[in-house]
Amino acid sequence: MIEIVSGEKGKGKTKILLDRCNEDIKNISGSSIFVDKSSKHMYDLDSKVRLINITEYPVNTTGEFLGFLSGVISQNNDIEEIFLDSFLTIAFIDTNNGLLSSIEELEKISDCFNVKFIISISQTKDDLPSEVQSKVVVSL
């Protein structure tokens with residue numbers, strides 16, 4: 001399952017993801033991962049949540065990013081949720097076709113390993129491809 005928090009830059013998507021992650025970790029039996037482009041939110045997250053600063057790893061393409069996520073999941077079969085902040089940036093996506101194919105791959109990973117992805121995208125819901133608009137749970 002994939003849930004999208006959409007909205008223009010500066011509208012509060014990261015805060016929503018942080019709050020949701022901190023609330024969800026209280027109610028799930030497995031692990032939660034928060035992937036971001038820096039470590040600045042380390043102290044905003046519950047200590048049970050693993051923060052991954054993607055810039056610390058040699059990930060430079062969308063394919064490498066998806067492979068990285070698969071590797072993270074392969075090392076811990078207890079992961080229930082993965083939060084992806086600034087998804088378009090950290091996944092190296094710059095086209096709607098790139099977004100669609102990445103969402104399709106995330107769906108496959110999600111179905112295969114029973115992991116929920118909650119992602120933030122810096123676009124309004126109306127600017128997203130129609131194929132993914134149904135996945136938007138918060139639109140700012």
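Reader: Hi! Where is serine 86 found?
Author: Serine 86 sits in the loop between strand E4 (79-84) and H3. Helices (H or I, at least four residues) and strands (E, at least two) are DSSP runs, numbered from the N terminus.

Reader: Thanks! What kind of model is this, and how are residues numbered?
Author: This is a predicted model, where local features need pLDDT of at least 70 and side-chain atom pairs count only at pLDDT 80 or more, while totals for chains, interfaces and linings use all residues. Residues are numbered from 1 along each chain as its sequence is written, and side-chain values use heavy atoms, with hydrogens and water left out.

Reader: Back to serine 86: is it buried or exposed?
Author: Serine 86 is buried, with a relative accessible area of 15%. Buried means under 20% relative accessible area, exposed over 50%, and partly exposed in between (1.4 Å probe, protein chains only).

Reader: And what does serine 86 touch, leaving aside its neighbours within four places in sequence?
Author: With those neighbours set aside, serine 86 is in contact (heavy atoms within 4.5 Å) with Lys37 and Ser120. Serine 86 also has a positive phi of about 55 degrees, although it is not a glycine.

Reader: Which other residue has a positive phi of about 55 degrees?
Author: Asparagine 114 has one, and it is not a glycine either. Asparagine 114 lies in the loop between helix H4 (96-113) and strand E5 (116-121), and it is exposed, with a relative accessible area of 65%.

Reader: New topic: what lines the largest pocket?
Author: There are 19 lining residues, and Lys13, Thr14, Lys37, Ser86 and Ser122 lie nearest the centre. On a 1 Å grid over the protein atoms alone, a pocket is an open set of points where a 1.4 Å probe fits, with protein on both sides within 12 Å along at least five of seven lines; lining residues have an atom within 4 Å of a point.

Reader: Which elements give two or more residues to that lining?
Author: Helix H1 (13-24), H3 and E5 do. H3 gives the largest share, three residues.

Reader: How does the lining split by class?
Author: Three residues are nonpolar, nine polar and seven charged. Here Ala, Val, Leu, Ile, Met, Phe, Trp, Tyr, Cys and Pro count as nonpolar, Asp, Glu, Lys and Arg as charged, and the others, Gly among them, as polar.

Reader: How many aromatic pairs are there?
Author: The count comes to three. Rings of Phe, Tyr and Trp (its six-membered ring) pair if their centres lie within 6.5 Å; planes under 30 degrees apart count as stacked, over 60 as edge-to-face and the rest as tilted. One of the pairs is tyrosine 57 with phenylalanine 68: the centres are 4.9 Å apart and the planes at 50 degrees, so this pair is tilted.

Reader: Where are those two in the chain?
Author: Tyrosine 57 is in the loop between strand E3 (50-53) and helix H2 (62-74), and phenylalanine 68 is in helix H2, eleven residues apart. Tyrosine 57 is partly exposed at 33% relative accessible area, whereas phenylalanine 68 is buried at 15%.
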